[in-house]
Amino acid sequence: MKVGIFDSGLGGLTVVKEISKLFKGGEIFYIADTEYAPYGEKSKDEILEHSLSITKYLIKNHNIEALIIACNTATSAAVKELRMEFKDLIVIGTEPGIKPAITMTKSNNVGVLATSATLKGQKYQTLLNDLAILKEIRLFEQACPGLVEKIENGMIEDNKTHEMLKSWLEPMKKSGVDTIVLGCTHYPLVSDIIKDYMGKDINLIETGFAIAKRLEDLSSKKGHINEGELDIKLYYTKDINLNMVNLILDKYTIGGKIKVRDING
């Protein structure tokens, strides 16, 4: 099966890493839309336009059968429209793992780190409303402006990155937060810093594994045989930090720089 995956940058590769552990015998075409990164600071209409352009590119050039939106912000802005426009395509989105966080927390204090666009998005608000009946919790939401850029530039151990995270995490630590939802696919790349500050017992909720299981399930229903080698090809619309890519993925092929918007009138 041919699977297209996209994000504004390299964050979605954390999802690809989890997929590579479960999904076999397929081809993955990953697009890092670095020309328009980060999505978290774009309007809904802009993100939708980018998402549609990338999906059309993947269908036309790689004949994909499944699409994974490896970005919480883009999922919130575009998943509904993509499913309506491309009805024959498996479309899997990414959303913050609020439900497993509610199940896991013992203090009933849950933190959410995400982009401002994700936190303001209708999909996230609907998710909160749907899950409110499960358990009464205190939610500590924190937008993280500038964090994606730090990660994209390989500045994970930079003092400024540590200071940013500490300022966001300090109120959570003081309030007894024991579970934090990583509401952006970039954020698992700073999970060690979060654990160092919050303590080794902190629960960090990522969504990569859940997406991988969803792809495994839906692809099998389409007749995909889950065995053999997995071929991962990496494309980008502007520059990308390959040193960071190598920290995330062990094996991939560079497809190179592409223009995804030329085919749209």
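Which residues does UniProt place in the feature "binding site"? The unreviewed entry lists Asp7, Ser8, Tyr39, Gly40, Asn72, Thr73, Thr185 and His186. These positions are spread over 180 residues of sequence, yet they cluster in space, with a largest C-alpha distance of 11.9 Å. Please keep in mind that this is a predicted model. Here is a short tour, starting with two of the annotated residues.

**Two residues of the annotated site**

- Asp7 sits in strand E1, which covers residues 2-7.
- Asp7 counts as buried because its relative accessibility is 1%, under the 20% cut-off.
- The side chain of Asp7 reaches the backbone nitrogen of Gly12 at 2.9 Å.
- Beyond its close sequence neighbours, Asp7 is in contact with several residues, among them Tyr30, Ile31, Ala32 and Asp33. Its contacts also include Tyr39, Thr185 and His186, and UniProt places these three in the "binding site" feature as well.
- His186 is found in a loop, between strand E7 (179-182) and helix H9 (191-198).
- Is His186 buried or exposed? At 1% relative accessibility, His186 counts as buried.
- The side chain of His186 reaches the backbone nitrogen of Gly11 at 3.3 Å.
- Leaving out residues up to four places away in sequence, His186 touches Asp7, Ser8, Gly9, Leu10 and Gly11, and also Val148, Ile151 and Glu152.

**Helix H8**

- Helix H8 runs over residues 159-174, which makes 16 residues. From its first C-alpha to its last it reaches 22 Å, close to the 22 Å expected at 1.5 Å a residue.
- Where does H8 bend? The bend, of about 35 degrees, is at Trp168, and the proline Pro171 follows within four residues.
- At the start of H8, a side-chain oxygen of Asp158 reaches to within 3.0 Å of the backbone nitrogen of Lys160.
- Just after H8, Gly176 takes a positive phi of about 80 degrees.
- The buried residues of the helix are Thr161, Met164, Leu165, Trp168, Leu169 and Met172.
- An α-helix has 3.6 residues a turn, so residues three or four places apart point the same way.
- The cover over the buried residues of H8 includes strands E5 (109-114) and E6 (138-143), helix H7 (147-152), and also E7 and H9.

- Thr237 lies in the loop between strand E9 (231-236) and helix H11 (242-248).
- Thr237 counts as buried, because its relative accessibility is 3%.
- Which side chain does the side chain of Thr237 meet in a polar contact? The partner is Asp33, at 2.9 Å.
- Asp33 is also one of the residues in contact with Asp7.
- Away from its sequence neighbours, Thr237 touches Ile31, Ala32, Asp33, Thr34 and Glu35, together with Lys257, Ile258, Val260 and Arg261.

**Domains**

- The protein chain is divided into domain 1 (2-95 + 208-257) and domain 2 (97-207).
- How many residues does each domain bring to the contact? Domain 1 gives 28 residues and domain 2 gives 25 residues.
- The C-alpha centres of domain 1 and domain 2 lie 22 Å apart.

**An exposed loop residue**

- Asp201 lies in the loop between H9 and strand E8 (203-205).
- Asp201 is exposed because its relative accessible area is 61%, over the 50% cut-off.
- Asp201 and Thr179 are 22 residues apart along the chain, and their C-alpha atoms are separated by 9.0 Å.

Technical notes
Residues numbered from 1 in each chain as written. Predicted model: local features only at pLDDT ≥ 70, side-chain atom pairs only at ≥ 80, totals over all residues. Heavy atoms only, no water. UniProt positions renumbered as here; feature names shortened; annotations may be inferred. Helix = DSSP H or I, 4+ residues; strand = E, 2+ residues; numbered from the N terminus. Buried < 20%, exposed > 50% of the residue type's maximum accessible area, 1.4 Å probe, protein only. Contact = heavy atoms within 4.5 Å. Polar contact = N/O pair within 3.5 Å; in protein donor to acceptor, adjacent residues only side chain to side chain. Expected span 1.5 Å × (residues − 1). Bend = angle between axes of the 7 residues up to and from the residue. Domains from an automatic or database assignment.
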